[in-house]
Amino acid sequence: MPEIILFNKPYGVVSQFSGDVPEHTLSAFINKPDFYAAGRLDKNSEGLLLLTNHGALQHQLTHPKFNKRKYYWVQVEGIPNEIDLVPLKKGLILKDIRFLPAQVRLIDEPQLWPRIPPIRFRRNIPTSWLEIILKEGKNHQVRKMTAAIGFPTLRLVRHQIGDWKLENLQPGEYRIINHQSQ
């Protein structure tokens with residue numbers, strides 16, 4: 001039966017099992033043969049990463065046509081207002097790359113673990129939190145989108161993919177579920 005690993009990827013870890021520094025790869029946390037990441041989070045992002053031992057399921061989890069929404073908590077520099085968020089809600093085109101419309105809203109700071117290392121703070125520039133929900137997952141998409149509207153991303157945490165949620169998993173922890181259980 002296909003299985004899925006729900007993994008809370010720590011900051012600074014790449015979404016693969018091999019690399020120049022093994023302690024900065026998935027292999028430092030997960031020792032399960034034949035599991036592969038279904039999608040990616042960049043090294044500087046944290047949160048939910050799905051892995052599976054089933055190729056067809058991996059395709060279903062990652063291909064945009066299956067419409068698995070990805071939910072992010074995003075700490076940005078500055079405090080955007082509703083007008084600032086309109087381009088994200090309508091969809092952006094940046095350097096010939098089209099980003100589909102996203103759901104975006106300002107939120108209160110979520111209850112999260114401390115990031116190591118901490119984000120950079122600037123005494124004179126406030127920060128705020130957004131929840132961004134995407135139907136796609138292009139390379140560095142959230143970071144590019146927030147930068148394009150003038151509010152650079154400081155911290156990026158994916159907390160949900162489709163029906164799978166991070167819940168109480170701490171950085172470096174994972175849970176294995178049968179695919180039929182969701």
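Is Arg 122 buried, exposed or partly exposed? Select it and see: Arg 122 counts as partly exposed because its relative accessibility is 43% (buried means under 20% relative accessible area, exposed over 50%, partly exposed in between, with a 1.4 Å probe and protein chains only).

Before moving on, note that this is a predicted model, where local features need pLDDT of at least 70, side-chain atom pairs count only at pLDDT 80 or more, and totals for chains, interfaces and linings use all residues. Residues are numbered from 1 along each chain as its sequence is written, and side-chain values use heavy atoms, leaving out hydrogens and water.

Stop 1: Helices (H or I, at least four residues) and strands (E, at least two) are DSSP runs, numbered from the N terminus. Glu 77 is buried, with a relative accessible area of 13%.

**Stop 2: a cis bond.** Stay in the loop between strand E7 (103-107) and E8 and pick Pro 117. The peptide bond from Ile 116 to Pro 117 is cis, with omega near -5°. Most peptide bonds are trans.

**Stop 3: strand E8.** Next, select Glu 131 in strand E8 (residues 127-134). Glu 131 counts as buried because its relative accessibility is 9%. Its side chain joins that of His 159 through a polar contact of 2.9 Å (a pair of N or O atoms within 3.5 Å; within protein, one must be able to donate a hydrogen and the other to accept it, and residues adjacent in sequence count only if both atoms are side-chain atoms).

**Stop 4: helix H2.** Jump to Asn 81, where a side-chain oxygen reaches to within 2.9 Å of the backbone nitrogen of Ile 83 at the start of helix H2 (residues 82-90). After H2 comes Gly 91, with a positive phi near 100°.

**Stop 5: Glu 167.** Finish in the loop between strand E10 (164-165) and strand E11 (174-178), at Glu 167. Its phi is positive, near 50°, in a residue other than glycine. Glu 167 also forms a salt bridge with Arg 175, with the closest N and O atoms 3.3 Å apart.

How values were computed: Salt bridge = Lys/Arg side-chain N within 4 Å of Asp/Glu carboxyl O.
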